[in-house]
Structure formats: structure tokens, C-alpha cells
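Hello,

I am passing this structure on to you, with a short note on what turned up in it. Have a look first, then read on below.

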Amino acid sequence: MTATIEPEVGKARLRKEDERLITGRTRWTDNIVLPGMLHLAVLRSPMAHAKIVSLDVSAAKDSPGVIAVYTAKDLDPDGSIGMPCAWPITPDMKSPRRPVLADGQVNFAGEGIAVVVARSSAEAHDALEAIDVEYDELPVVLDMEAALAEGAPLVHEDLGTNESAVWKFDSAEAGTGGNVEDAISSSKIVLKRRFRQQRLIPAFMEPRACVVDPTGTQISVWSATQVPHILRVMTALTLGIPEHKLRVIAPDVGGGFGGKIGVLPEEMMTVLVAQKLGKPVKWNESRSESILTAHHGRDQIQDITISANADGTVTGLKVELLANMGAYIGLVGPGVPILGAFMFNAIYKFPAYHFACTNVFTTTTLTDAYRGAGRPEATFAVERIMDELADELGMDPMELREKNWIKHEEFPFTTVAGLTYDTGNYEAATEKAKELFDYDGLRREQQQRRDSGDPVQLGIGISTFTEMCGLAPSRVLGSLDYAAGGWEYASVRMLPTGKVEVTTGASGHGQGHETAWSQILADQLGVPFDDIEVLHGDTQSSHKGMDTYGSRSLVVGGVAVVKAAEKVVAKAKPVAAHLLECSEDDLEFAGGKFTVKGTDQSTTMQDIAFTVFAAHNLPDGMEPSLDSDATFDPENFSYPHGTHLCAAEVDTETGRVKLRSYVCVDDVGVVVNPLIVEGQVHGGLAQGIAQALFEEAVHDESGTLTTGTFADYLLPSAADLPSFTTARTETPSTTNPLGAKGVGEAGTIASTPAVVNAVIDAVRHFGVNDIDMPLTPMRVWHAVQHGTTDAGGAGSEAGGGLGSIDASGGAQ
Amino acid sequence: MRITVTVDGTKYTDEVEPRTLLVHYLRERVGKVGTVVGCDTSNCGACTVHLDGHSVKSCSVLAVQADGSEVTTVEGLARDGRLHPVQQAFHDNHALQCGFCTPGMIMASIDLLADNPDPDETAVREGLEGNLCRCTGYQNIVRAVRDAAQHMSPGAGPEAEQIKHVGVGGE
């Protein structure tokens, strides 16, 4: 029996996931305990760059509780195992082998050297102390420009260079736009700026962990990963284990933000050790270990040149990047700046574009995807330089944006980077944001404060943005040399009693997939929300998938659910016709019921499910199953957009920044669950604001990470952040049948430039036109005092970032 | 060393190494894996529990220091199949995403409300400064704590009774 069901999509459903999470019944990987389980701990290099002269593990082997100690030679005798890269961006990209354990040389502080396996984690860690390593120090190379200079110390001597790859896009060559050099030489105004994307630590709250059980017919691997399916394939390929003999389970995963995309040497070593010992083995990392060795994010130097006419029409944009890869190449690390390459044009109709990125090796922890992956970096640079251009022109920065953006009636619009944006309405989002923000009122107050010389100045920061979500059309990934496709998988199983299981390849880690997928499926099948169970994160139950990253879950994975459900309904239809003794053409399906048109004769999905299960009375030749699966491979990305406005108060006497208000209007297309969307935006804003104001991974001159714990790496607390005003406009995407656009990264992408633009706006009249992130009180105070940005030693060694103006128009 | 600790209403007597932290004792010996370890510097607060009615970071307390004490973890909050009002408020206000910080955040929030039954936004934000969350941006957590406060104020009915029943705040 099915009651009439109101649509679930669009409803602010409280989450199914919450109950276990608020009562402590969650299954984190570190909660997994297996009979006879041993514990693995990793000895990590304190040196950033050194030859290992000798390695004596004998005392550790004799330590209490120790079962075994392994070095690189033990785990990989012929040196054939290398950590995988899925995105070799150029045919000649240099990617040195990253061994499971350092093999004669360490290339960043934290690299694993040996592992101890003991009865308890404490005993394993105790025994690490007994390992004797003698190092012969090599020169470190931390700065990307220094790494590329003639005669620089080489991270990997045998490569003969610290340059991994150079990747370029040019609109004139691609036929998507004009020639940038022509634009620059013929334009009245040319601005050139250097922006730095400091190195960040993803800082998921659950540290990484892995449990391997080799005792069954398959090797079972539990991992705090956001990519269980990718991990399974990559483990098979990396270690030569037949794929069907591997099962990967990502149980509850405590956040990822891209930081859990990597296929880890620790996962590989745990598998190898478990195989050797024939016993279950657990590795779980401490936070300090995590900060040191889980991949980092951002870390780019961005040289941006923009040219424009006197009326503010931008004529060209040239982007030259240096991207720090760290000591090795990560799983998708080389491609992160490439994702950004398509986003430097943001929401604008720039007519000429050139992009070039050099990926550089340094003796630091490797970098890889981090929330937004390439797109926050791009959005930051373009939104910052638009503000600088506005200042140069004496225009209101909002007016400059409006002059250059794609108008609502111009969609679909193909940008100079070659992407076709399907839909968007930048005017509507901006209008709404301005109204909520009181843009004009705050501008007046800003002027008053300037006029009165108030020590606390007010700044208004604008960030209009779009991003590419729904990663990704497989053909596009192929054209960019990414190793795999971007489709997603779902299956729908009608159970005999009329309940439903849906499996998804998009394995979530906090995004509320179980709730949103239930909402989608409830509408598709007309079954109650609570009758649906969403299975994910286990390659045995959801046996195919491409996992969760790049705001792809809903707009690719959610659509796969729709497609699979459509097939279930199609399979049910002949059964319904058979039961109701009518032609299929006479049936209509709504609210979980097939009804003979114009009559009250009907049968429900639940009735049909049992009929199919019993199989006593089916149409001739029909197999007794309604189960269906589907993959969805998008034809295009989706393009969320929005307008973010930030009001910042800057104390010019102390340099302290206080965010007075933050308003954002995001257009993420059709919303399945507004509660989840709002939560995602809040979290994203916090991460983006943290980049602007608080967070930075800093190395000392020896290559030691000096921000190695949460005591030093300034993750914001509740007291550091304001409440946000969020709102939405809704322009459905036409690239997928749900009309959704993706939301996971929007807040992070848009907020960093909004905050920095606000702070610069507050102190611009002191001659400040740039401050390196994070905008610490010291850096802000220094900038106010000196009218420049060079805070000399305010944190990173890269204290510069002085905005130079190469302008025919000149400024300052 | 031999210790006796009452955890979520059940008394346990165990031999522990003197260096054993309370959080490891709870997780590994008592099986209270609802309390989690998020850092090793007492900064994140994910391991917050109540020790004799007051919130502590269980990574900064030795198990032997808990000898003779009562410990309440997130697993001991719900009573008679009913969520604690703070748990309920976290659910109602979508105050969690990945949920890893949530047990500690809930335990800290209960203690905060015991000290200040009707905190304003600033008081909640400052009161939860020792607990880090990477997903929510804190806004809904703040909302949840203030919402719970409403449900726990005098005259709010059974929920207000329940919080006393759990013995929070040393009442």
C-alpha cells in the first residue's frame, strides 16, 4: 500500500546518517578490531633530504611486543613498487618512482623509512625509538623559483631537473579566442601581478587509518579513504594482486576535502605486511603524522597579466603558474593546476587567454587535490586582479565585473578556455546578494570611516565565481590525459517486501549521500523515504564506481540513481500490465502506482516486487528480477555560480581583521536537500576564509614543517568565524536530468578572494594593493605601516608577493 | 595499576599501564569507540567526555586519574531510547556532516549549557573554542546549542529533567 507521496527532492530532510554519528555508533576505520590483529607503525624521516647511510633495525626487533620490522628491501626486494599517478598531464612528464618506504634516500621530512609490527600500537611506536638511522644530509630545495634556477640542488639527481612538466593552453592556438600578446600590446591598460597560494593542510578531522585482513578468500582492506573504488584498482595494479581478490571498504569516513584521495604508501605497506604475516594488521596515524605526510594543497605562484580598454573591457588574460608538486607526484596532483586552467576566465567574456603551468619538485610533502582543486586558486587570482584593475580604472569593482561578465541571455556561452557554460544568471545572484548585504549602505559607511580617520577601517570584498562541477565527461578526461573515466554507477534493488536498496559508486564522507539518494529514489519509484537503504563505500556491495570528489556525487552519481530507477520502473511496467490485464500503453505511473488510465485499477511497486520475487505469475519469458543498474557519463560539466560579499573591519593599529558580515548567494541549480546545501556552503566558507586569514603550512630553512600540529597550524575554531548569511538563486543545469550543479566546493572557491578583497579594500588608501595570505595581523599591520606587502619573515620565507604594476597607465 | 571506573553507568575494574590515556582506555579496554582521537596535542576536542560531570579532553587525562570516577561518553547520553536534548538539537539543526568531531562537540556543549543555560551566540562560540570541526563552519553547531538551551530551560518539560538525570554539571 502506498500513500500519495509528496516530492522528496527539494525537501529539507533531516539526515539519515545522523543517528549513528550523534550516538557514537559510527564505524570509523580505527574502530575496526579483528581477532589476532597486529599494529603497524612507521618510522619517519626527520630530514627533508638525505641519503640513508645505514639503517639498523635489530634492536627494534627485540623490543617488547614486536613481531616484525621491515625496511624497503624487505617489502619490495626488487624495487619495483611505485605509488601510482592517474594523471600524467604530458607525455614527457617526469614522475620519479615513489617507493613504499624510502629506498636509500629520503626526499621530504616525514617520508617512511621502516615499519614495526607489534601486538599493540604503543609497543610498535615504542620500538620505532630503537631503530638506528644514519643520514648523510643533502641540500634542501623549498622555493619553487630557486628549484628551477640554474645549478639548483636536485630533489631527484637522476632526473637532471626539478621541473616535472609544463602544460599550456592558448586560446589563439585552440581556436577559442584571440592572441594574448596582441591584446596586451594593443591595450591601453596592462596590469601584472603576482599572487601566492600558500600551502595548506586539508585537515580532515578523522586521521587516516587502514586495516587489512588477509585471512579470508579475499584480502579485505578497510580504509579512511574517499576513493574506495579507485583504491581497489590502484592497489591491484600497484601490488600485482588480482583485483577480484581485493575488497575495499570505506566505512564511515571522517571528512576528506580531497585530502583522502591519495593511494597511500601506508595502505600499500599494510597490505604487504598483512600478506607476509598472514594476519590482520592495522595502521592508524597520529595527527602530527597526518600533517607531515598526508598530501598538502594549493602552493602555487601565480603571475597574472590582464589587459583592458579604458572603459574597463578586458581584452586579454595571461596566466603563468608555478605549482609545487612536493617531492613526488601524487595520484592526481599534476592535474590540479590543469583543472584551474579552465577557470581563470571565471564568469567573464575575456576574448584572449594564455595559460602555462610548470610543475616543480621540491623537498617537501607532496601536494594533491584539496577542496576545489585548482579552481579556488584560479578564482582567487582573477577576482583579485579584477579588483586591482577596477582600482586602476577608478571604477567600482562591481561595475567592472558587470561590464565583463556573461549576460543571462548569452547562455549557453563558450568561454575562451573552451568550456560551454550551459546556464547561469549572474545578475540575479548579484542583485540578491547586494540587497542582503546592504552594499550601498556599507560603501557610505566606508567613506565616513575613511573621512574621519577611524582606526578601524571598513572594506568590502566582492567575489563572483563559477566553477566546473560534475567531474567529469569521460571524453574530456581522456583528452586531458587523465587515466580513467568520469562516469558514475548506481544499482537499485527492489526487495521482496517492497523495500529498496540502492548502491552508489559515489562513496560519501559526510555529505549526506544516504539522505539525498533516498530523496531522489523515493521520487523516482514512489516509495517512502524510510523504505530506502543506501549502500556505499564497499566494493562488494557497490561494486563499481568512481567515488567522491570534485562535487561530482550528486550531478553524476545522483543521476545514475535516476537512470537505474527508470530501468526498474520500465521492468515493472509489463508486470503491472500483466497483473492488471491491460496493455502497457494503457498504464500510467505516479506515486509508486501503476494505474490503468481512466480507471481506479492499480497496482503498487511493492505488490509488483513481491509478484516478481514469487515468480508464480509473470509475463512469459520474463526473468524474476526488477534489479537494474546504470552508469551516467555526463556530456558536460555543470557550472554553479554565485556572488559573495564580505565586509571586513581592519584595525589599522593592530592589523586585526574582523569579518563583520558575509553574504553569499549561490546558484547550485536544482537543490535536492536545502539543509545539506546550506551546510556544505557554511563548511566551504569556513575553509576558504581560513585560507585568507589563518592557515599556512610553513617550513623552516631545513625543510622541517614548523606547523606540524594543530597547536601550530591555525585551524579556525567557532570563535574565529562569524555567522554567514546564505541564500540561493536557482537556474537549473541542462547538463543532467536532475538540473543540479554541485555545491561541495563553492564556498571554499568564492570566499578566499572575497575576504582578501575586503581587507585590501579597507586599507587601500594606505597604499596597500596586496598582502600575502594568510592575512595575519602582523602582515596586515606591516602593510598599513609601509603601504606595501613585504612583511619580511611574517611566516613563510616567501614574504614578498609585492604587487608590481607593469602598466602603461601606471599606478601609484 | 588497578583502577575502577564507572563508564556510562557500568562499573569496570581493570589493570592499566600507568601511561594509558583515558581515551585509549575507553576505546580499547571498555569498547567505547564512540569517543574518538582527532589529534595528539589536545587541540581538537574530538575525545571530549565528562569526568564526574565536567567535560575533559580524554586524551589529556590518564586512565589512572579516572580511578574511582564516573565517566560519561556520547554512548551514555541517550536514555530509555530517547536522545539527549543536545543530541537531538544537533540532528534537528544539521549540526554535523562527517560527524567525527560530533561526540566531543556534543559533550562539550552539554557542559557549556550546564555553566550557562542560555548562552548567546558569542558565548557558544567562545565556549566551544576547544573543539574543532572542519565540515560545518560551526554555524549550525552554534544554532544547535542555542536550540538545545531552549529545550532545556526551566519549564521545558521532560528534556530538562533528562539532563539532570544524566548528572551533568555536577547537579
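**The pockets**

At least two residues of the lining of the second largest pocket come from each of strand 27 (657–667) and helix 20 (674–693) of chain A and helix 4 (121–127) of chain B. Helices (H or I, at least four residues) and strands (E, at least two) are DSSP runs, numbered from the N terminus. A pocket here is an open set of points on a 1 Å grid over the protein atoms alone, where a 1.4 Å probe fits, with protein on both sides within 12 Å along at least five of seven lines; lining residues have an atom within 4 Å of a point.

This is a predicted model, in which local features need pLDDT of at least 70, side-chain atom pairs count only at pLDDT 80 or more, and totals for chains, interfaces and linings use all residues. Residues are numbered from 1 along each chain as its sequence is written, chains are lettered from A and ligands numbered from 1 in the order in which they are written, and side-chain values use heavy atoms, without hydrogens and water.

Among the 33 lining residues, R656(A), V657(A), F694(A), A719(A) and D720(A) are the closest to the centre of the second largest pocket.

In the largest pocket, 46 residues form the lining, and S121(A), A122(A), N284(A), H24(B) and E28(B) are the closest to its centre. Helix 1 of chain B supplies the largest share of this lining, with six residues. Elements giving two or more residues include helix 4 (121–128) and strand 12 (281–284) of chain A.

Enjoy exploring!
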